[in-house]
Amino acid sequence: MINSEDFIKRLQKVIDYYNESASSFAEKIGVQRSSISHILSGRNKPSLDFILKILNTYPEINLYWLFNGKGDFFSEAQNKSVITEKQKEDLFSTNYNEQEKKTISPPIQNFAEKGKTIERIVIFYSDGTFKNFNN
């Protein structure tokens, strides 16, 4: 059985995590705004259909955590692929220490396999644009 008070806290955590309002969250998962309002106020208990709509929209959320608060917010598969902001920063950082400078990979020409040449490189930018480089 779901503890309604605890479920409300977890639901609010999900809404806050995705930086949504209750009404925008309701729209995204495909329920009426009043449904979210009634659940958050404790008037109604969440139905299985309601929980499944959350999981269909946000498959990275751990069902077991959402249901009864045990486990992690994200499912195991999602936990393995989450990159922190610091890691994202380091990914494109040009601030290398001397040891890192020695271990930087060779130029791109050396990535071509024997008998093969690189035909095209595409760079995608965060603003949705890209550059295409043809050989």
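The exercises below, each with a worked solution, concern a predicted model of a protein chain.

**Exercise 1. Overall make-up**

State how many helices and strands the protein chain has, and in which pattern they follow along the sequence.

Solution. Step 1: the elements of the protein chain are eight helices and two strands. Step 2: along the sequence, their pattern is α-α-α-α-α-α-α-α-β-β. Step 3: the protein chain has 135 residues, and 22% of them are buried. Step 4: take the contacts in the protein chain with a separation of 6 or more; 38% of these join residues 24 or more positions apart.

**Exercise 2. The packing of α2 and α3**

Describe how helix α2 and helix α3 pack, giving the angle and the distance between their axes.

Solution. Step 1: two packed helices are described by the angle between their axes and by the distance between those axes. Step 2: for α2 (residues 22-29) and α3 (residues 33-41), the angle is about 120° and the axes are 8 Å apart. Step 3: this angle makes α2 oblique to α3, because 65 to 115 degrees would count as roughly perpendicular and over 145 as roughly antiparallel. Step 4: the handedness of the crossing of α2 and α3 is right-handed.

Step 1: list the residues in contact. From α2 come A22, S23, F25, A26 and I29, and they meet R33, I36 and L40 of α3. Step 6: sorted by type, the residues of this contact are six nonpolar, one polar and one charged.

**Exercise 3. The buried side of α2**

Find the buried residues of α2 and the helices against which they pack.

Solution. Step 1: F25, A26 and I29 are the buried residues of α2. Step 2: around the axis they cover an arc of only 100°, so they lie on the same side of α2. Step 3: the partners of the buried residues of α2 are α1 (4-17), α3 and α4 (48-57). Step 5: just after α2 comes G30, with a positive phi of about 85°.

Technical notes. Residues numbered from 1 in each chain as written. Predicted model: local features only at pLDDT ≥ 70, side-chain atom pairs only at ≥ 80, totals over all residues. Heavy atoms only, no water. Axes fitted to C-alpha atoms, helices over the stretch in contact; angles between N-to-C directions. Helix = DSSP H or I, 4+ residues; strand = E, 2+ residues; numbered from the N terminus. Parallel < 35°, antiparallel > 145°, perpendicular 65-115°, else oblique. Left-handed = near helix turned anticlockwise from the far one by under 90°. Contact = heavy atoms within 4.5 Å. Nonpolar A, V, L, I, M, F, W, Y, C, P; charged D, E, K, R; others polar. Buried < 20%, exposed > 50% of the residue type's maximum accessible area, 1.4 Å probe, protein only. Arc of directions from axis to C-beta.
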